Amino acid sequence: MSDLTLISRNKMFNGHHERYRHFSKSTQCGMTFAIYLPPQALQGYRVPVLYWLSGLTCTDENFATKAGTQRFAAQWGIALVIPDTSPRGIQAADDESDDLGQGAGFYVNATEAPWAAHYRMYDYVVHELPALVEANFPVTDQRSIFGHSMGGHGALQIALKNPGRYAAVSAFAPIVNPSETPLGQKAFAAYLGDNPAAWAQYDSTELVKHAEKKLPILIDQGDADDFYPEELQPEKFVAAARNQGFNVQLNMRKGYDHSYFFIASFIDVHIEFHADALGL
């Protein structure tokens, strides 16, 4: 682990929740991620990995401390990996708003100045971080992926663009058609420029129309979410996915909002969904 600096380690449900810092070749700056190693991993077994991608303004700590996921990861014998949502630090470009810049990487490889130098979160999540995790921890190369809001967008588009790399994908209140919604359009214009073809490469509703592998998909959406339906349009994605033969489960949750109270209420359903896809 010469490339990793341990920040903290806490025992949870007979496993370890650990945070690490390292220099990223993808983002060309220091990055922080968390990993929960279930008790099975501490007992000498290699376990599959479930990647969580967080939403706007979050770090790895929001999900780790609010969702209650470790209990179910310990039960099923799954490692959780939780990256940050963007590059950080004085060298990384930023914006005064909370929906662009640090905390809002949108899981793309930026091509426009000043973002292109560091905002390469797609490469970080898809390639660099899994290689680092699989080289340093007792895990297998079995992977699954899920996320929330901006992170739901990240999880869906990453899974669709990398057939066979993930067993399944799920999302809470995902941004599914960012090319057609205000938050997505703002971010894509900044990071990718005025290039509809580049936008489509990170838009799940467009990607699913041409996806090669029909992996299982689960989406939960609260009907009391302030971002629904202007920014969040799961029905549009589900229609496109089902038209292509995907097995998609959409749960509309009455009275639930966009918060971690919503996520914590149904996190067990998502962990069980991924455990089943991973053959556990």
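Trainee: Is Cys29 buried or exposed, and what is its relative accessible area?

Mentor: Cys29 is buried, with a relative accessible area of 1%, where buried stands for under 20%, exposed for over 50% and partly exposed for what lies in between, with a 1.4 Å probe and protein chains only. Before going on, bear in mind that this is a predicted model, in which local features need pLDDT of at least 70 and side-chain atom pairs count only at pLDDT 80 or more, while totals for chains, interfaces and linings use all residues. Residues are numbered from 1 along each chain as its sequence is written, and side-chain values use heavy atoms, with hydrogens and water left out.

The closest cysteine sulfur to that of Cys29 belongs to Cys58 and is 18 Å away, which is too far for a bond. Cys58, in turn, has Cys29 as the residue with the closest cysteine sulfur, and Cys58 is also buried, at a relative accessible area of 7%. A disulfide is a covalent bond between the sulfur atoms of two cysteines, and here one is counted when two such atoms lie within 2.5 Å. The structure holds zero disulfides.

Now to the sheet, whose strands are DSSP runs of E with at least two residues, numbered from the N terminus; two strands pair if DSSP finds at least two bridges between them. Nine strands make up an open sheet with mixed pairing, in the order β1-β2-β3-β5-β4-β6-β7-β8-β9. At its edges are β1 (5-12) and β9 (248-253), each of which pairs on one side only. From one strand to the next the twist averages 20°, taken between lines fitted to C-alpha atoms, with angles that run from 0 to 180 degrees between N-to-C directions.

Strand β2 (residues 15-24) is largely enclosed by the rest of the structure, because seven of its ten residues are buried.

Strand β7 (residues 169-172) is joined by four bridges to β8 (residues 217-222), the two running parallel, and Ser170 stands opposite Leu218 in β8. β8 also pairs with β9 in the parallel sense, over six bridges, with Ile217 opposite Val248 in β9. As for cover, six of the six residues of β8 are buried: Ile217, Ile219 and Gln221 lie on one side, Leu218, Asp220 and Gly222 on the other, and both faces are covered.
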